[in-house]
Amino acid sequence: MSVRILFGAASLAALSTAAMAEEAPGHDVSEVVITAAPYAVEAGAMTASVAVVTRQDLDLAPQAGLGEVLAGMPGLRSTAFGAGASRPVVRGLSGPRVLVLNNGVGMIDASALSPDHQVASDPGEAERIEVLRGPSALAYGGSAIGGVVNVIDERIPTHRPEKPEGRVNVSGATVDDSYSASAAVRAAAGPLVFSLDGLKRKSDDYEIPVPAESVRQILSEGEFPESRKGGKLENTAVDLEAYGAGVSYVGAAGYLGVAVKHTDTSYGVPGHSHEHEHEHEEGEDHDHEEHEEEAPVTIGLKQTRVDLRGEYDGAFGPFAKLKFSGGWADYKHTEFEGDEVGTRFLSDGVEGRLDLVQAERDGWKGAVGFQALRRDFDAQGDEAYVPKTRITEFGAFTQQRVDKDGWGYEGGLRVDQRKLDSLAGERDFTNISGSVGAFLKPSDAWFFGVALSRNGRAPTEAELFANGPHVATRGFEIGNPDLDSEIAYSLEATLHYGGDRLDADLHLFAAKYDGFIDARPTGEEEDGLAVFAYEQTDADFHGFEAEVSYRLWEQDRKSFTLEAGADYVRGDTDLGAPARIPPYSVSVRGIADSPHWGGKLEVRQVGKQTRVAEFELPTDAYTVLNARVSYKPFGDPRMEFYIDGRNLTDAEVREHTSFLKDIAPSPGRSVRGGVAWRF
């Protein structure tokens, strides 16, 4: 059995249970996916498409936001809103259809509202990131209709280490004169385990190989490019710090812990500025003359979060385990126009989750769960296009799975209720989601699975009540308070092979949406912006993800492995192609490893995208070359010095999933060096 690992556009490899145990020295880590279900599910025996990013991978991954770190995995891209804000795009879906979690509980931020809003959790804090591609609404509700990204940390310790354990990572890169430093430590005092962690990441404006505006953008404005020289992309600097602490009581029957974390970051928004008018006093040379200055838009994000989490392993009735988690957060997102405060987005609330895991009987495992949320959202300022809203949710679900000798089946059911109480109106939604699946395991190496699901998603506060300019998306958005829930019918087929030298995964998927919610141009203009109104239509998405790894040579703890990955997604609606659907991608890698040295060479090809929506320009294909070399001075994989080169050919990269693709290309050639130490 093996787990598929892919970080950024970096590497895909089989990971044994022993290697996973290195992630937490002295602690036995089972080869299961935590996010898939409350009960244990082996990663290579799931009907869903899953990827796991371990701490070892994160040590060598780019020091960037969540979307950028995960971008390049088959089926995933990034919203790429400059260097400061990036959220995952899963199979062409983003925003409120992709749920980002912190240890299984929602972020309670406003990152799903707009692409310029940063996720209030950085990959540098994580011990592990799990990604479920495709609908996962049974376990997490309607916001997981397109996928789940769960950032898992050990801020609340779940095991008691025999001696202090932790990690340190320090790196710097050339493309943006950046540096990053993170550290975490856990230590026990009797049954109490304490944790402390911190992260600091700072970068200047990053370099680009071509001018900020694409040729297509320039020609669409009736101009002809005089020069194609690059430089610095203005207003892309980032300054982020996050720190936290936790304590747990860890006993023979489980654990109970609490943690607090504070995030404080500021970042620029490329291509966005605000015009200020100035009036001179009488008697001045310019006598009442008014002129305008453009001030760059920067964003300041602050969040304080408190989490409570625990687990009890003990029989009570039909159940063998109880797991619960809860989080409270206070989130502030402030948009600065030069030195002046513009619009503020505030979000505070609490979310809780309880899982009752059944005792396994003759291959039958299952769980019953409950989830509740209360969140208050408010926007203040000239561009507060969404009114103050209170969101309350409650969900109850069950998931069941039967594993027999060589075959099995699974299913689940969930009921969700969502209420939105706004100054613009009030709406209530009740959704029922369900799924059934079956699988065959003709041998230890092979797994075939198929799953059918029906999932419902209630509209968001923006989709219902928006009414104003949304500068980040360059549109004037108008909500529709009469929207119904969005219903998706999905089919997924999975093939997994795990042999001695060859590992392969293939996922085929198709989804049909009844009442797909989309913002479409009306042809009108307001405040100098095109008007986009939310409406419902039918939509179809289909595609695939494929990964293969072949260990070409192995001798005396030395090996060379060839890997490849590919993906494709196509989306259609009755109103035409949806916006920002990613093109296909293909990656090929060669990975060398030995007790002291390691190396990787990767070529990634991303296709052009010409199927575009209104007000959207096509993007060209691009090819990037990445390479890395690492050195383990003591032959111990827990300490590693590395040099990582990305986009070494200085290619022009414009991510089709980004609102900024025509005015803000991705960074050019970059070389990053650092050291990672896990103890």
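Visitor: Happy to start at the surface: which residues gather in a patch of negative charge?

Guide: Keep in mind that this is a predicted model. On its surface, a patch of negative charge is made up of Glu524, Glu525, Glu526 and Asp527.

Visitor: Is Asp527 buried or exposed?

Guide: Asp527 sits in the loop that lies between strand 28 (502-526) and strand 29 (529-555). The cut-off for exposed is over 50% relative accessible area. Asp527 has 59% relative accessibility, so Asp527 counts as exposed.

Visitor: Now to the strands. Which residue in strand 32 is the bridge partner of Val586?

Guide: Strand 31 (residues 585-593) runs antiparallel to strand 30 (residues 558-573), with nine bridges joining them, and there Gly565 stands opposite Ser587. Strand 31 is also joined to strand 32 (residues 597-606) by nine bridges, again antiparallel. A hairpin of three residues links strand 31 to strand 32. In strand 32, the partner of Val586 is Gln605.

Visitor: And in the open sheet, which strands are the edge strands?

Guide: That open sheet has five strands with mixed pairing, in the order 3-8-9-6-7. An edge strand pairs on one side only, and here those are strand 3 (49-54) and strand 7 (105-106).

Visitor: Which residue of strand 7 is the bridge partner of Asn102?

Guide: Strand 6 (residues 98-102) and strand 7 run antiparallel and are joined by two bridges. In strand 7, Asn102 has as its bridge partner Val105.

How values were computed
Residues numbered from 1 in each chain as written. Predicted model: local features only at pLDDT ≥ 70, side-chain atom pairs only at ≥ 80, totals over all residues. Heavy atoms only, no water. Pairing = 2+ DSSP bridges. Helix = DSSP H or I, 4+ residues; strand = E, 2+ residues; numbered from the N terminus. Patch = residues over 30% accessible without salt bridge, like charges linked within 9 Å, V, L, I, M, F, W, Y side chains within 5 Å. Areas by Shrake-Rupley, 256 points an atom, 1.4 Å probe, with all protein chains shown as cover. Salt bridge = Lys/Arg side-chain N within 4 Å of Asp/Glu carboxyl O. Lys, Arg positive; Asp, Glu negative; His and termini not counted. Charge placed at Lys NZ, Arg CZ, Asp CG, Glu CD. Buried < 20%, exposed > 50% of the residue type's maximum accessible area, 1.4 Å probe, protein only.
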